[in-house]
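Please read the following report with the sequence and the model side by side. It goes from the chain as a whole to the surroundings of a ligand.

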Amino acid sequence: MASLLLSLFSTLLLAATITECEAYSKTVKAPYPGPKPEKLTHLHFYFHVIDSGNKPTDVLVATGPTTNSSATNFGLVAIDDDPLTMGPDITSDEIGRAQGMYASTDQNKFGLLMAFNFVFTKGEFSGSTISMYGRNAILSKVREMPIIGGTGAFRFGRGYAQAKTFVYNTTSGNAVVVYNVYVWH
Ligand SMILES: *[C@@H]1O[C@H](CO)[C@@H](O)[C@H](O)[C@H]1NC(C)=O
Ligand SMILES: *[C@@H]1O[C@H](CO)[C@@H](O)[C@H](O)[C@H]1NC(C)=O
């Protein structure tokens, strides 16, 4: 029995070794049909990260023992409740909030783990939410993050968000980021 298992194991190991230098993925036939989304919605808004003043919308909540000596702030955790507006100006119409957290999870380059809900408060999507979870390489021109779900109008939501820094003030730390979100729902 043991030798049978052993030979099975080495066969598997051999198979793994053979395919190792080939692609690590392939397209397979779906065992069952996936959901059929009805429509694709494109949302366009500005995401304001406010660090300055007495009502910051982005607060540092934790650091690890080596965060402050890390070039990428590895281990930092922050919580946000950031305004989302129609236009790039903070005084333009607020359409919702980006509520969530981010953590610095890359030791070599700036890379954040983002876990956010976009909570819409205006227009046809008022009361509905979209959940975004992904990696934000903040120094890249365009960052893409997955939309992994939603509520209300966005039930069964699937899609992606593309984020582009519009303005970043190095003195205040405030940033305006333009988001283009595409969701099948
Ligand atoms: C790192 O710096 C932040 C901000 O100045 C501070 O709140 C935190 O306590 C520091 N963390 C450590 C582990 O020293
Ligand atoms: C950047 O932030 C500083 C400090 O809050 C502020 O004085 C300055 O006007 C800001 N710059 C721009 C271009 O908004």
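## Chain and ligand

The chain of this predicted model has one helix and nine strands, where helices (H or I, at least four residues) and strands (E, at least two) are DSSP runs numbered from the N terminus. Followed along the sequence, these elements give the pattern α-β-β-β-β-β-β-β-β-β.

Of the 185 residues in the chain, 33% are buried, a word that stands for under 20% relative accessible area, with a 1.4 Å probe and protein chains only. The chain exposes about 12100 Å², of which carbon and sulfur atoms supply 60%; such areas come from the Shrake-Rupley method with a 1.4 Å probe. Where contacts (heavy atoms within 4.5 Å) link residues at least 6 apart in sequence, 47% of them join residues at least 24 apart.

Which residues are around ligand 1? They are Leu-60, Thr-63, Gly-64 and Asn-68, each having a heavy atom within 4 Å of the ligand. Taken alone, ligand 1 exposes 360 Å², and the protein buries 37% of that. The table gives two pairs of atoms.

| Side chain | Atom of ligand 1 | Distance |
|---|---|---|
| Thr-63, polar atom | nitrogen | 2.9 Å |
| Asn-68, N or O atom | oxygen | 2.5 Å |

Residues are numbered from 1 along each chain as its sequence is written, while chains are lettered from A and ligands numbered from 1 in the order in which they are written.

Technical notes:
Predicted model: local features only at pLDDT ≥ 70, side-chain atom pairs only at ≥ 80, totals over all residues. Heavy atoms only, no water. Buried < 20%, exposed > 50% of the residue type's maximum accessible area, 1.4 Å probe, protein only. Polar contact = N/O pair within 3.5 Å; in protein donor to acceptor, adjacent residues only side chain to side chain.
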